[in-house]
Amino acid sequence: MKPRVLITREVFDEVLEFLSPYFEVTSNQSDIPLNPETLATRLSDKQGGLITLTDTIDQALLSRCPNLKAVCNIAVGYNNIDLKACTEAKVMATNTPGVLDDTTGDFTWALILAAARRLNEAESYLRKGEWDGWKLKQFLGLDVHHATLGILGLGRIGQVVAQRAIGFEMKVIYHDVRRAAPEIEQVCRASFVNKDELLVQADIVTLHVPYSSVTHHLIGKQELERMKPTAILINASRGGVVDDAALIAALRSGTIGGAGLDVFENEPKLNPGFFELKNVVLAPHIASSSRATRLKMAMLAAQNLVAALAGKTPPNLLNPF
Ligand code: DGY
């Protein structure tokens, strides 16, 4: 008898082909997100789950899945998984680090450029047929070249973003809980500063930290008030790192100049205040979404699942026990 696994959301055919020799696979190819009750019911007789960030794995779910041995997230972020509860239930949890850094870094730059140069506003103006000719002062934006880029979180993705800034001849400053090794600072041409200095000095602040109770509302009213009135805030990390209500208030009052956001609190139900603002570029959590990268993420998660259910240590185990 092959082990039974559940794939909780639609995946590429390549992933199904890869997994089917090993497992009896049930896949939610209709891609309708599973509510906690349905997820628990469908996982209750499975040994493994190939899951996504829309699935919450907590103690309540685990208590209903006695056969479960592994949950493999198709994401680098894993704030949807209670690792302590997994360890207690002897369920291995894995993520997909490394394979999405460049693609997410690229998209961060898409947000930076679009927000700084007001591309969303200009495009919607054009599409509405409102353009009546060239004007000297039309859609005046913020120069990205030679500006100061402040990176909060110089992990893998933060480093990619920093290295791309070299082409724009920017000054790069960063803050992290731990200062990076000198080699990393050199490659990124980034200088360590404290969080407050970063907020005060940066023309563009970009966030690349994982979400946790420590990073919850890392950027709130107080932090936004420290930023320049022309500054732009970029978030392609996780919803909840920014206090969305405080950001909306800051964008509305001109406390900061603009924002580029790929992630939100309570996704996919955005705070409606965002839709009333012109000075924010909004994207639906797609920073890692190139076909090649999403396939790599799903395949890496599948490889983790195969290793875990073969009794091996999966390459990206988050909770060794
Ligand atoms: C991740 O890998 O954590 C991304 O947010 C998925 O889109």
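Two strands count as paired if DSSP finds at least two bridges between them; strands (E, at least two residues) and helices (H or I, at least four) are DSSP runs numbered from the N terminus. All views show a predicted model, in which local features need pLDDT of at least 70, side-chain atom pairs count only at pLDDT 80 or more, and totals for chains, interfaces and linings use all residues. Residues are numbered from 1 along each chain as its sequence is written, and side-chain values use heavy atoms, with hydrogens and water left out.

**View A. The seven-stranded open sheet, with parallel pairing.** The strand order is E8-E7-E6-E9-E10-E11-E12. Strand E8 (190-192) and E12 are the edge strands, each pairing on one side only. Direction ignored, neighbouring strands are turned by 20 degrees against each other on average; axes are lines fitted to C-alpha atoms, for helices over the stretch in contact, and angles run from 0 to 180 degrees between N-to-C directions.

**View B. Strands E6 and E9, with helix H5.** E6 (residues 148-152) and E9 (residues 204-207) run parallel and are joined by four bridges. Leu152 stands opposite Leu207 in E9. Helix H5 (residues 101-116) lies across E6, E9, strand E10 (232-235), strand E11 (258-261) and E12, at about 155 degrees to E10; contact means heavy atoms within 4.5 Å.

View C. The order E2-E1-E3-E4-E5 is paired in parallel, and the edge strands are E2 (24-27) and E5 (92-94). Helix H12 (residues 291-309) packs on this sheet, touching E1, E3, strand E4 (70-73) and E5, and its direction makes about 165 degrees with that of E4. Three bridges join E1 (residues 4-7) to E3 (residues 48-51), and Val5 stands opposite Gly48 in E3.

**View D. Helix H12 and the residue after its end.** The end C-alpha atoms of H12 are 27 Å apart, which agrees with the 27 Å that its 19 residues should span at 1.5 Å a residue, the expected span being 1.5 Å times one less than the number of residues. Just after H12, Gly311 has a positive phi of about 80 degrees.

**View E. The second largest pocket.** A pocket is an open set of points on a 1 Å grid over the protein atoms alone where a 1.4 Å probe fits, with protein on both sides within 12 Å along at least five of seven lines; lining residues have an atom within 4 Å of a point. This pocket holds about 260 Å³, a volume being the space filled by probe spheres set on the points. Among its 17 lining residues, Asn120, Glu121, Ser124, Leu277 and Lys278 lie nearest the centre. Helix H6 (119-127) supplies the largest share of the lining, four residues.
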